[in-house]
Amino acid sequence: MNKMAKGAIATGVGVILLVGGGGTLATWNQASNVSMGEVVSGDLNLEPGAGVWTNAAGTEIPVISQYKVVPGDALTYTQPLNVSLKGDLMAAKLTVALPDSYAQYAEYGTVSATTLTKAGSAEVLPEILKPANAGKVNASTTFTFNVDTPDRIGTNASADLGEISYKLEQQAPASTLQP
Amino acid sequence: MKSTRALKATGLVLIAVVLGLLTVQGSYALWNKAAIAAAGTIQAADFRISLTDTITSVVTDMTLADGTAATLSLSTTPAGVVIPGQSTYAGVELGNETNAGGLFTVRASTSTPVVDNNAGSPLAPYLTLKVVAANSLPQCSSAALYEDASETAETDIPKQDTGVFCFQVSLADNMPASLSGQSATVAIPITVNQL
């Protein structure tokens, strides 16, 4: 064993001994655990109830297919919707899509835009809904039989209004839209 | 050489990650929920007016199956010939037979009567006609009903209800005796409009 090897071994033994001393090499330190808490997600949901038809006099129509509409009558379809919106930054837009088949009834009548109101009141809801607007909502669409329909045009005619679709879409929180 | 390979590998991994993110776009979508409602079928009502002769009780629809207007020949009372200075009476009952689901009141109106001479008859100028709305057909033969009547009348008829028009045809008392036995035709157009 040459002198270099002996020196290296001696140095290694010395270092090991120092390490064995533990704390003598460390500076002050302390560790602790911090609880970040739970992250709870919000909710967005849309549950339709049973739609109701009413005529121009406000009388409820139990079975729409058995009701006979006349020029000047206005039939309103009110769809109750249970809107759930939870989240501190939750915002959502409720849109209504009428089927394309509505266009073919332009000869006899007009179909209004759908209005959204808070159930039990006449309060019209804003375009963008917040959790404060959640709850029971009514979406109303009115079909008006043209009052100027002449002669006997359209008597005994029928109009299948098909399916109305309602969609509740979350709107991105403003902070996530910033560049 | 080694560093070049490492760079290539890193680039490939990055491209794969980007492609993966683009492929699963759904992961960027926000919450949404859709619901469908079947609005059903709207059925238009019928617009049907019935006409009933006072005396014979013959009933016809105001609009025939082919869409044309019906003509109802009315009987008169008293039956037979009319003596100058006297009157004969007729009436028609209009029924609002609609099957409308809501309110459906109509207004029936008569236009000015058209009196035409029959072939070779100059009788028409000696005929006068009065029309009045009444509550029931038996009233039509009462002369008092026509005291304030004119040549036209109108009446409103609610859904599933009836209205009556009474007619009085009088022969002028100055009619020349030479016209005895002549005849004329009286036509009274009736129009019904939805209110």
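I started with a salt bridge: the side chains of Asp46(B) and Arg152(A) meet at 3.0 Å, N to O. My rule for it is a side-chain nitrogen of Lys or Arg within 4 Å of a carboxyl oxygen of Asp or Glu. The rule finds two salt bridges across the interface of chain B and chain A.

Ground rules: this is a predicted model, with local features needing pLDDT of at least 70 and side-chain atom pairs counting only at pLDDT 80 or more, while totals for chains, interfaces and linings use all residues. Residues are numbered from 1 along each chain as its sequence is written, chains are lettered from A and ligands numbered from 1 in the order written, and side-chain values use heavy atoms, leaving out hydrogens and water.

**Interface**

I looked up polar contacts next and got 21 residue pairs across the interface of chain B and chain A, both residues at pLDDT 80 or more. A polar contact is a pair of N or O atoms within 3.5 Å; within protein, one must be able to donate a hydrogen and the other to accept it, and residues adjacent in sequence count only if both atoms are side-chain atoms. On the side of chain B that touches chain A, S1(B) gives the most, with seven residues. Strands here are DSSP runs (E, at least two residues), numbered from the N terminus.

The contact (heavy atoms within 4.5 Å) takes 26 residues from chain B and 45 from chain A. The two chains bury about 3100 Å² between them, 58% of it on carbon and sulfur atoms; that is accessible area (1.4 Å probe) lost on being put together, summed over both. In chain B, Trp31(B), Lys33(B) and Ile42(B) lose the most area to chain A, together 25% of what that side buries.

**Core**

Which residues touch the most other members of the largest nonpolar core? I found Trp53(A), Leu85(A), Tyr166(A) and Leu168(A), out of 34 residues. A core joins buried Ala, Val, Leu, Ile, Met, Phe, Trp, Tyr and Cys residues through side-chain atoms within 4.5 Å; buried means under 20% relative accessible area (1.4 Å probe, protein chains only). S5(A) gives the most to this core, with five residues.

**Rings**

I counted three aromatic pairs over all chains. Ring centres of Phe, Tyr or Trp (its six-membered ring) must lie within 6.5 Å; planes under 30 degrees apart are stacked, over 60 edge-to-face, the rest tilted. Trp53(A) and Tyr77(A) are tilted, at 5.2 Å centre to centre and 50 degrees between the planes. Trp53(A) lies in S2(A) and Tyr77(A) in S5(A), so the pair ties together parts 24 residues apart in sequence. Both residues are buried.

Note on methods:
Helix = DSSP H or I, 4+ residues; strand = E, 2+ residues; numbered from the N terminus. Buried < 20%, exposed > 50% of the residue type's maximum accessible area, 1.4 Å probe, protein only.
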